[in-house]
Amino acid sequence: MSIINEETVKLLNVHLNEEHYSANLYFNMAGWCEREGLKGCSKFLYNHSAEEHTHLEKFREFINKAGGQAIMGEMRAPESSFNSVEELFEKIVKHEEYITSCINKLVGIAMENKDYVTLKFLEWFVEEQLEEEELFNDILKKIKILGDLKGRNLYTFDKFIDNLDSKEHNS
């Protein structure tokens, strides 16, 4: 017997697949950075890919615990080629804004249905998306401060991201 209704299970599975897409998108972005010699950005994005995979696992665990069945669906291939680091991080910001809108939609449906179990589960993701958007918007601000990301500025930015990653994962 399911604690949450079937429609909610379907919507949560749709989002589980969005998290899977996010993990694969960041994986591809990390690979592009690695190929470009940006080891700091690459490490940061591989770690972010793993973090997105843990989000997928949280959805899987919740869906199954609530009596539903977590289902991995078909996924479109994420982008893997970018013109610049700036473009890459701009795409991340847009993607995180999209994920926030998806979480907000789920929260709205849970509120409409008075589905307090799902609402409680989603609280963590609401807070997480606030942190994600703040993090990536701050990164874009740093890019704007540095200006043209070529030569020394690109090297400085890569080191900044590498240090950012160390701080983020040690806190």
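The model examined here is predicted. The lining of this pocket is formed by W32, E36, L38, N83, S84, V85, E86, G147, D148, L149, K150 and L154. Sorted by class, the lining comprises 5 nonpolar, 3 polar and 4 charged residues.

Aromatic contacts were examined next. The count of aromatic pairs comes to 12. In the pair of F44 and F136, the ring centres are 5.9 Å apart and the planes stand at 70 degrees; because an angle over 60 degrees counts as edge-to-face, the pair is assigned to that class. F44 belongs to helix α2 (residues 39–65) and F136 to helix α4 (residues 116–146), so the contact ties together parts that are 92 residues apart in sequence. F44 has 0% relative accessibility and therefore counts as buried. F136, also at 0% relative accessibility, likewise counts as buried.

The rings of F59 and F121 form an edge-to-face pair as well, with centres 5.0 Å apart and planes at 85 degrees. This pair links distant parts of the chain, with F59 in helix α2 and F121 in helix α4, 62 residues apart. Both F59 and F121 are buried.

One aromatic cluster is made up of Y26, F44, F89, F136, F157 and F160; F44 and F136, the edge-to-face pair described above, are thus among the members of this cluster.

Charged side chains also lie over aromatic rings. The charged end of K58 is placed over the ring of W124, at 4.2 Å from its centre. R76 lies over the face of Y21, 4.1 Å from the ring centre.

Note on methods
Residues are numbered from 1 along each chain as its sequence is written. This is a predicted model: local features need pLDDT of at least 70, side-chain atom pairs count only at pLDDT 80 or more; totals for chains, interfaces and linings use all residues. Side-chain values use heavy atoms; hydrogens and water are left out. On a 1 Å grid over the protein atoms alone, a cavity is a set of points where a 1.4 Å probe fits but cannot get out, and a pocket is an open set with protein on both sides within 12 Å along at least five of seven lines; lining residues have an atom within 4 Å of a point. Ala, Val, Leu, Ile, Met, Phe, Trp, Tyr, Cys and Pro count as nonpolar, Asp, Glu, Lys and Arg as charged, and the others, Gly among them, as polar. Rings of Phe, Tyr and Trp (its six-membered ring) pair if their centres lie within 6.5 Å; planes under 30 degrees apart count as stacked, over 60 as edge-to-face and the rest as tilted. Helices (H or I, at least four residues) and strands (E, at least two) are DSSP runs, numbered from the N terminus. Buried means under 20% relative accessible area, exposed over 50%, partly exposed in between (1.4 Å probe, protein chains only). A charge sits over a ring if NZ of Lys or CZ of Arg is within 6 Å of the ring centre and within 35 degrees of the ring normal.
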